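Work through these exercises with the structure in view. Try each task before you read its solution.

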Amino acid sequence: MHTDQLTFTDPVTRFPSVTPPTQHQPEPGLDAELTPRADRGENSYRGTGRLEGRRALITGADSGIGAAVAIAFAREGADVALNYLPAEEEDAQRVRALVEQAGRRAVLLPGDLADAEFCHQVVADAVHGLGGIDALVNNAGKQIAVESLDDLTDEQWQETYDVNVRAIYRVTKAAVPHLEPGSTVVNSTSIQAYQPSAHLIDYASTKAAINNLTKGLGQQLAPRGIRVNAVAPGPVWTPLQVSDGQPKEALPHFGKSTPLGRAGQPTELAPAYVFLTSSESSFVIGETLNVNGGTPSP
Ligand code: NAD
Ligand code: MG
């Protein structure tokens with residue numbers, strides 16, 4: 001039987017509990033080389049017209065959660081502009097093909113969000129390519145595990161903050177003048193915002209900052225009819241984890257300590273982003289929707 005995200009199912013067994021072999025990819029990592037492959041909803045996500053005619057800029061849209069969001073948005077009726085790093089062209093082309101198979105437009109915008117100038121350019125190019133934007137998904141993220149403070153470099157600290165926090169500020173600031181009332185911003189934060197791992201102090205603290213930024217900016221933009229919200233994933237099987245996001249020896253256990261007993265698949269995150277972008281969430285502002293397999297969160 002063909003199943004989709006709306007099929008009544010046991011969440012424990014909806015996806016297998018992955019036991020990934022120890023593996024390594026250079027940052028940023030490719031979905032195309034992930035073992036086992038991640039499920040971005042290619043064969044399961046079914047659109048129900050919830051984002052008909054919308055135009056979305058999605059960062060980090062080539063792989064993992066961002067790819068699942070791009071596929072879902074397209075099947076829900078949105079045209080999408082996909083940002084990613086130039087090294088991820090192969091992954092981005094696959095997502096582009098899936099968006100086009102859904103009958104929607106994909107505008108590809110490779111570039112580095114650590115670069116202030118690019119943060120402005122990517123918004124201008126998305127607006128130009130889509131004829132405007134009314135949805136922004138700030139999803140790109142950098143996560144490099146470092147066991148000891150002694151080995152954490154100023155450069156890494158700076159880059160993690162530039163990509164995870166400063167780019168959200170810059171891209172959102174550039175986008176807001178283009179956003180009509182009804183438009184939305186959704187930021188990717190993390191369970192790490194509340195439960196920081198000892199080896200992720202730079203990354204985890206950016207995610208706490210994103211939660212706070214979401215609540216502050218949400219209030220500021222609400223009177224203008226622009227809603228800002230966030231999604232906080234728990235452990236989700238993506239290339240982030242194998243490009244030094246986790247210590248190597250942790251990979252086979254990845255996600256097994258959640259109450260569901262397994263890591264999530266990227267497609268399980270997509271409905272949260274769809275909900276927060278769709279007008280059905282019109283009274284939801286400054287919220288962080290936790291999608292983490294059951295780990296208690298504030
Ligand atoms: P992913 O590697 O598939 O996606 C991250 C993307 O960030 C990359 O594809 C890349 O395109 C983009 N990126 C990184 N540095 C960039 C830069 N300098 N310029 C432009 N783009 C850049 O991994 P993912 O797990 O899908 O991550 C998506 C988001 O979800 C991230 O913000 C991450 O922190 C968050 N998150 C993931 C998990 C998880 O377990 N996978 C858990 C909590 C939060
Ligand atoms: Mg990627």
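A residue is near a molecule if one of its heavy atoms lies within 4 Å of it. This is a predicted model, where local features need pLDDT of at least 70, side-chain atom pairs need 80 or more, and totals for chains, interfaces and linings use all residues. Residues are numbered from 1 along each chain, chains are lettered from A and ligands numbered from 1 in the order written, and side-chain values use heavy atoms, without hydrogens and water.

**Exercise 1. Which residues come nearest to ligand 1?**

Step 1. The shell around ligand 1 has 30 residues. Ser-63, Glu-88, Asp-112, Tyr-203 and Thr-238 come nearest.

Step 2. Sort the shell by class. It has 13 nonpolar, 13 polar and four charged residues. Here Ala, Val, Leu, Ile, Met, Phe, Trp, Tyr, Cys and Pro count as nonpolar, Asp, Glu, Lys and Arg as charged, and the others, Gly among them, as polar.

Step 3. Find polar contacts (pairs of N or O atoms within 3.5 Å). The side chain of Asp-62 has an N or O atom 2.8 Å from an oxygen atom of ligand 1. For a backbone N or O atom of Gly-141, the distance to a ligand 1 oxygen is 3.2 Å. A polar backbone atom of Val-236 lies 2.8 Å from an oxygen of the ligand.

Step 4. Check the cover. On its own, ligand 1 has 810 Å² of accessible area (Shrake-Rupley method, 1.4 Å probe). The protein covers 97% of this.

**Exercise 2. Which residues coordinate the magnesium ion (ligand 2)?**

Step 1. List the donors (N, O and S atoms within 2.8 Å of the metal, or 3.2 Å for Na, K and Ca; water is not among the atoms, so sites may look incomplete). They come from Asp-62 (OD), Ser-63 (OG) and Glu-88 (OE), at 2.1 to 2.2 Å.

Step 2. Read the spacing along the chain: D-S-x24-E.

Step 3. Asp-62 is in the loop between β1 (55–58) and α1 (64–75), and Glu-88 is in the loop between β2 (79–84) and α2 (89–101), so the pair ties together parts 26 residues apart in sequence. Helices (H or I, at least four residues) and strands (E, at least two) are DSSP runs, numbered from the N terminus.

Notes. Polar contact = N/O pair within 3.5 Å; in protein donor to acceptor, adjacent residues only side chain to side chain.
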